[in-house]
Every structure is written in structure tokens, then in C-alpha cells.
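Please write a short report on this protein model.

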Amino acid sequence: MHASPLSESQRRYYAGLILLKRVDLSADDRSLAIPVLLPAAESAIEGLLEELHLRGLIEIDRKRQIYTLTRRGADEVGALIAEIEGIIDEFDGVPVPKMVRTLRRRNLDPFRARFLWGWYDGELDDPIAYQRRRGFAEVEESWASFILGDELYEDLARDLEE
């Protein structure tokens, strides 16, 4: 097992991006909605949801009892989409080592690019399916715990190794 490539605050940041996308997608797919009263298996994200709420990125839809994006949250998601679409346009089909070298030369974070690419293309939409596709020896059945733990980020970082 590799050492975690990220600090706890960085993992929380990226997990927050997963939650923002999930809240955004839930507008079209109710099965992805995050209820205000979380099941016990998802309690790991309570604090992160509160942080996103305090930052004005999500709000509670009291009628449906789910989290929804605020205008500010939608703008944040839109900015992330624009950022990664630019990276994809430039680097789609480029060998990973060359992409990593180019990003580093520009003082851009290759891990952020890797994360956002997976975030954008839907690879991270279902953390349980992600673990199965990627061949994890033990699948963490709590998607909420998985997005906050080291394993996801260690696995993504391996894709950047030269």
C-alpha cells in the first residue's frame, strides 16, 4: 500500500467535490439524492455536508428532505467542468507520463487533473462500482466512508506513476 498522496483536508476537499456532483446529478436521478437524515452507513459525510452547507454550496430542500445545489454550488460545479474540459481537450490521447510532465512544468497539479477527469466522466459517480471495476481486494460498502478514506486517492495516484 502506498502512502496517502493527500492530507486529510485535501481528501475532504475532493470528497466534497464528489458530493457536489452527486447533489447536482440527483436533480435528474432521485436515486443519487442525499437525504437530510442520513442512513447510518453514510454518517461519515455528515460533517462534510455541513461544511458545504456553511460555505453556501448546498442547501436543504425542506419539502423533499434532500440536499440541493445553491446557485453558488452550481457555479462551482460549472467552473470545475470548464477546468477539466480544457484539460481533456488538450490531453485526451496523450500518454500519462507526458501529461504529468507537462502539467508539472506548468505548475499544475497532476492529481487534481486525474481526479477531475474521473469526476467529470462519471468514473467516481458510484464509489462501490469504482472499487469493483478497479479490482479492490476488499470493497468498502459504505460509499461515504470510501470517499473520505485513503484508498480512493491512493488508487487514483497510482494512475500517475511513471
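Tyr13 is partly exposed, because its relative accessibility is 30% and the class runs between the limits for buried (under 20% relative accessible area) and exposed (over 50%), with a 1.4 Å probe and protein chains only. The model is predicted: local features need pLDDT of at least 70, side-chain atom pairs count only at pLDDT 80 or more, and totals for chains, interfaces and linings use all residues. Residues are numbered from 1 along each chain as its sequence is written, and side-chain values use heavy atoms, with hydrogens and water left out.

**Aromatic rings and core**

Rings of Phe, Tyr and Trp (its six-membered ring) pair if their centres lie within 6.5 Å; planes under 30 degrees apart are stacked, over 60 edge-to-face, and the rest tilted. By this rule there are nine aromatic pairs. Tyr13 and Tyr14 form an edge-to-face pair, because their planes meet at 70° with the ring centres 5.2 Å apart. Ring pairs also join Tyr13, Tyr14, Phe111, Phe115 and Tyr153 into a cluster.

A nonpolar core is a set of buried Ala, Val, Leu, Ile, Met, Phe, Trp, Tyr and Cys residues joined through side-chain atoms within 4.5 Å. The largest one holds 47 residues, and Ile45, Phe115 and Tyr153 touch the most other members. Helix α1 (residues 8–25) gives the largest share of this core, seven residues. Helices (H or I, at least four residues) and strands (E, at least two) are DSSP runs, numbered from the N terminus. Contact means heavy atoms within 4.5 Å. Leaving out residues up to four places away in sequence, Phe115 touches Tyr14, Leu17, Ile18, Leu124, Tyr153 and Leu156.

**Charged side chains**

A charge sits over a ring if NZ of Lys or CZ of Arg is within 6 Å of the ring centre and within 35 degrees of the ring normal. Two cases follow.

| Charged residue | Ring | Distance from ring centre |
|---|---|---|
| Lys21 | Trp119 | 5.8 Å |
| Arg22 | Trp143 | 4.2 Å |

Lys21 lies in helix α1. Is Lys21 buried or exposed? Lys21 is buried, because its relative accessible area is 11%. A polar atom of the Lys21 side chain lies 2.4 Å from the backbone oxygen of Trp119. Not counting residues up to four places away in sequence, Lys21 touches Trp119, Tyr120, Gly122 and Asp125.

Glu83 belongs to helix α3 (residues 71–91). Glu83 is partly exposed, with a relative accessible area of 30%. With residues up to four places away in sequence left out, Glu83 touches Arg112 and Leu116.

**Hairpin and positive phi**

Strands pair if DSSP finds at least two bridges between them. Strand β1 (residues 58–61) and strand β2 (residues 66–69) pair in the antiparallel sense over four bridges. Ile58 faces Leu69 in β2. The two strands form a hairpin with four residues between them.

Most residues other than glycine have a negative phi. Gln65, in the loop between β1 and β2, has a positive phi of about 60° although it is not a glycine. Gln65 is partly exposed, at 36% relative accessible area. Asn107 also has a positive phi of about 60° and is not a glycine. Asn107 lies in the loop between α4 (96–105) and α5 (110–120). Asn107 counts as exposed because its relative accessibility is 72%.

Note on methods:
A polar contact is a pair of N or O atoms within 3.5 Å; within protein, one must be able to donate a hydrogen and the other to accept it, and residues adjacent in sequence count only if both atoms are side-chain atoms.
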